[in-house]
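Hi,

Here is the structure I promised to pass on. Have a look at it first, and then read on for what I found in it.

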Amino acid sequence: QAQFVESGGGLVQPGGSLRLACVASGFTFWTFGMAWYRAAPGKERELVARINPDGRPIDYIDSVKDRFTISRDNAKNTLYLQMNSLKSDDTAVYYCIRAEYRAYGDYWGQGTQVIVSS
């Protein structure tokens, strides 16, 4: 069973930066596309960014383009999300999962909370 453990969230002021990490296990990480999602208070979970197995980013939602960077280290089974120029609208719980999670029946991890506030 695939498992995902996210970390790196916290409280940050507007304009600040955070780097999220996600350690994946239970599958051959380096052969799957991965994704970051987020769930803001009172809103549905939304896709933030996706990345190919070889490390090439696939896409980002418009609201994070040029501010967030998705990357991965296949040797460490770890997915990253570098978040710069953070805004209050980025406040959410962030989750990582396989890009095609519905096909594989993956369960969501606990996520990592990001709060952007002065």
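Let's start with the overall build: for 118 residues, a compact globule would have a radius of gyration near 13 Å, and the chain has 13 Å, so the two agree. That radius is taken over C-alpha atoms, and the globule rule is 2.2 Å times the number of residues to the power 0.38. The C-alpha trace spans about 40 × 25 × 25 Å along its principal axes.

Before the details, a word on the ground rules: this is a predicted model, so local features need pLDDT of at least 70 and side-chain atom pairs count only at pLDDT 80 or more, while totals for chains, interfaces and linings use all residues. Residues are numbered from 1 along each chain as its sequence is written, and side-chain values use heavy atoms, with hydrogens and water left out.

The chain has one helix and ten strands, where helices (H or I, at least four residues) and strands (E, at least two) are DSSP runs numbered from the N terminus. Along the sequence they come in the pattern β-β-β-β-β-β-β-β-β-α-β.

Of the 118 residues, 45% are buried (buried is under 20% relative accessible area, exposed over 50%, and partly exposed in between, with a 1.4 Å probe and protein chains only). The accessible surface of the chain comes to about 6200 Å², and carbon and sulfur atoms account for 47% of that; the areas come from the Shrake-Rupley method with a 1.4 Å probe, and for residues only the protein chains shown count as cover. As for contacts (heavy atoms within 4.5 Å), take those between residues at least 6 apart in sequence: 54% of them join residues at least 24 apart.

The structure holds one, and it joins Cys-22 to Cys-96, with an S to S distance of 1.7 Å. It links distant parts of the chain, since Cys-22 sits in strand 3 and Cys-96 in strand 9, 74 residues apart. Both cysteines are buried.

Strand 1 pairs with strand 3 (residues 18–25) over five antiparallel bridges (two strands pair if DSSP finds at least two bridges between them). Within that pairing, Gln-3 has Ser-25 as its bridge partner.

Then there is a hairpin made by strand 5 and strand 6, with five residues between them. Strand 5 (residues 46–51) and strand 6 (residues 57–60) are antiparallel and share three bridges, and Ile-51 stands opposite Pro-57. Gly-55, in the turn, has a positive phi of about 100 degrees and is partly exposed at 28% relative accessible area.

Lastly, which residues other than glycine have a positive phi? Asn-77 is one, near 50 degrees, in the loop between strand 7 (68–73) and strand 8 (78–83). Ser-85 is another, also near 50 degrees; Ser-85 lies in the loop between strand 8 and strand 9 (92–98) and is partly exposed at 41% relative accessibility.

Cheers

Notes: Disulfide = S-S within 2.5 Å.
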